[in-house]
Each structure stands twice: as C-alpha cells, then as structure tokens.
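Hi everyone, thanks for making the time. I'd like to walk you through one structure today, so please take a look at it before I start talking.

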Amino acid sequence: ILLFKERIKKILEATNKKSYLKWYIKAGTTEKLRWRDVQILKFVPDLWNYLEIIQQHKIINVIEFGSFRGGSTIFFADMLKLFETGGKVLAVDIEDRMDPKTNRPDIEKLTASSISDMCEQTVKKFRLENPGKVLVILDSEHTSEHIYNELKLITPILVKDDYLVVEDAGYETSMLPGMKKFFGEHSMEYNHDLEREELFGVTLAEYGYWIKK
C-alpha cells in the first residue's frame with residue numbers, strides 16, 4: 001500500500017509539473033519576458049540555474065545554439081561580465097534576427113545551421129581563441145534527429161568539466177528519443193546533473209543538464 005501511495009504521489013507531482021509548464025507556454029510568458037528590453041525566450045528558473053552554473057563551475061565562455069532575438073545572448077554575456085570571467089559568448093542561429101544590442105565585443109555571432117560544417121569549424125576556432133571551460137546551450141530545432149546531430153557535433157569539442165544544457169524537452173517531448181539515444185550511446189562521456197535539474201522542482205530542460213567527464 002505504501003509503495004502504491006508513493007507511486008500515485010509521483011504521478012500527481014509529474015502531472016502538476018507538466019500542467020504548469022503547459023500553462024507557462026500557453027500564457028505566452030516566454031514571449032513577454034525581456035532582458036535589457038530584448039526578448040528572451042527562457043524559463044525563469046532555468047535562467048537562475050545558468051547564472052549559478054557559471055559561478056559555481058567557473059565557466060569562462062558560453063556557446064549558444066539558437067539565439068533568436070538575442071536576449072539570452074546578452075544575459076549570458078552580462079553574467080560572464082558580472083563574474084569577471086573575461087570570456088565571450090558565441091551565438092549560433094540559422095537566421096540573423098538578433099537585436100542590435102547584441103553588437104558588442106564580448107559577443108560573436110554565426111548565421112548557420114547548428115549541425116553544419118561551418119558551425120563545427122567556428123566552434124572549434126572559438127574554443128582555441130577563447131580558452132577555458134564553457135557552458136553550451138542547445139536551443140535550436142526541436143526534433144529528435146536534430147538534437148541527436150547537435151550532440152554528435154558538440155561532444156568531441158567539449159573537454160572535462162564543460163557544462164551542457166539541452167533545452168525544451170520538458171514540453172517538446174519529441175526531442176527525448178534522440179537525446180536518450182545519444183546519451184545512452186555516450187554514457188561514459190557525461191554525468192547527468194540531476195541535482196541541478198531538479199533544484200527548482202520544474203524545468204523546461206528535462207533530461208537536459210550534463211557535465212562532460
């Protein structure tokens with residue numbers, strides 16, 4: 001009976017989390033959110049996770065796949081400046097839709113597919129020119145195949161203690177098969193930071209917080 005009650009409790013908790021995320025998206029909260037008056041399509045608890053990751057894991061640089069208007073790009077650059085890392089942000093998007101406020105020396109931009117040869121070469125070059133641990137955010141095309149190929153591209157470029165976050169599987173569940181396939185194949189290369197993922201009880205980056213071994 002106790003096991004049954006515990007199972008029911010977990011099901012209800014999971015249902016409540018999913019319901020909240022659906023409300024958050026349906027209410028257009030992400031479209032209303034701004035950083036320095038630039039749209040930032042992020043989940044607020046995840047943003048707090050990012051600033052703590054940068055501080056606690058001594059992150060120097062950020063690589064962002066999927067930047068849209070650039071609010072999150074500016075946020076990451078501001079956090080690097082706040083914690084005096086001396087680092088930069090590399091923002092990659094398939095289209096150039098970024099706000100002019102992203103035109104600053106601590107932000108580099110690339111207009112290309114995040115699974116293209118150009119992207120791979122640019123990320124490698126960025127790492128060589130900007131040494132130090134990175135936080136990588138994957139937030140571009142939300143399909144199983146695309147996220148699998150993104151992970152396949154970025155993993156050989158990462159080194160020990162780099163931090164990787166895959167966003168939006170909390171509501172784009174079609175991403176999960178590709179993610180689970182990849183991390184299953186590369187289980188010896190990453191640690192799943194479940195403590196961080198569950199810190200605020202709910203996240204849009206479900207199954208998405210990973211540290212390179």
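**Salt bridges under cover**

Let me start with E52, which is buried at a relative accessible area of 17%. Please keep in mind that what you have on the screen is a predicted model.

Which residue does the side chain of E52 meet in a salt bridge? The partner is R196, and the N to O distance is 2.7 Å. R196 sits in helix α8, residues 194–197, while E52 belongs to helix α3, so this pair ties together parts that lie 144 residues apart in sequence. And is R196 buried or exposed? R196 counts as buried, because its relative accessibility is 8%.

Next, let's move over to R104. R104 forms a salt bridge with D78, with 3.1 Å between the closest N and O atoms. Here R104 is in the loop between β4 (89–93) and β5 (107–111), and D78 is in helix α4, residues 71–82, so the pair links parts that are 26 residues apart in sequence. Both R104 and D78 are buried.

R104 has another partner to show you. D106 also forms a salt bridge with R104, and there the closest N and O atoms are 2.7 Å apart. For those of you who like to see the cut-off, buried means under 20% relative accessible area. D106 has 18%, so D106 is buried. R104 has 19%, so R104 is buried too. Salt bridges that share partners join R36, D78, R104 and D106 into one network. Over the protein, the count comes to 14 salt bridges.

Now for a lysine, K42. You'll find K42 in the loop between β2 (38–39) and α3. How much relative accessible area does K42 have? The value is 2%, so K42 is buried. The side chain of K42 makes a polar contact with the side chain of E167, at 2.8 Å. If we leave aside the neighbours within four places in sequence, the residues in contact with K42 include Y24, T30, L33 and L47. E64, S72, I137 and D139 are also among them, along with E167.

Which residues make the nonpolar surface patch of about 310 Å²? The patch is made by W48, L199 and F200. W48 lies in helix α3, which covers residues 44–56. W48 is partly exposed, as its relative accessible area is 47%.

Let me finish by zooming out to the whole protein. How many helices and strands does the secondary structure come to? There are eight helices and nine strands. The radius of gyration is 17 Å, close to the 17 Å that the globule rule gives for 213 residues, so the protein is as compact as a globular protein of that length. Along the principal axes, the C-alpha atoms fill a box of roughly 60 × 40 × 30 Å.

On burial, 50% of the 213 residues are buried. The accessible surface comes to about 11100 Å², and carbon and sulfur atoms account for 56% of that. As for contacts with a separation of 6 or more, 69% are between residues 24 or more positions apart.

That's my tour, and I'm happy to go back to any part of it.

How values were computed: Residues are numbered from 1 along each chain as its sequence is written. This is a predicted model: local features need pLDDT of at least 70, side-chain atom pairs count only at pLDDT 80 or more; totals for chains, interfaces and linings use all residues. Side-chain values use heavy atoms; hydrogens and water are left out. Patches are made of residues with over 30% relative accessible area and no salt bridge: like charges are joined within 9 Å, nonpolar side chains (Val, Leu, Ile, Met, Phe, Trp, Tyr) within 5 Å. Accessible areas come from the Shrake-Rupley method with a 1.4 Å probe; for residues, only the protein chains shown count as cover. A salt bridge is a side-chain nitrogen of Lys or Arg within 4 Å of a carboxyl oxygen of Asp or Glu. Helices (H or I, at least four residues) and strands (E, at least two) are DSSP runs, numbered from the N terminus. Buried means under 20% relative accessible area, exposed over 50%, partly exposed in between (1.4 Å probe, protein chains only). A polar contact is a pair of N or O atoms within 3.5 Å; within protein, one must be able to donate a hydrogen and the other to accept it, and residues adjacent in sequence count only if both atoms are side-chain atoms. Contact means heavy atoms within 4.5 Å. The radius of gyration is taken over C-alpha atoms; the globule rule is 2.2 Å times the number of residues to the power 0.38.
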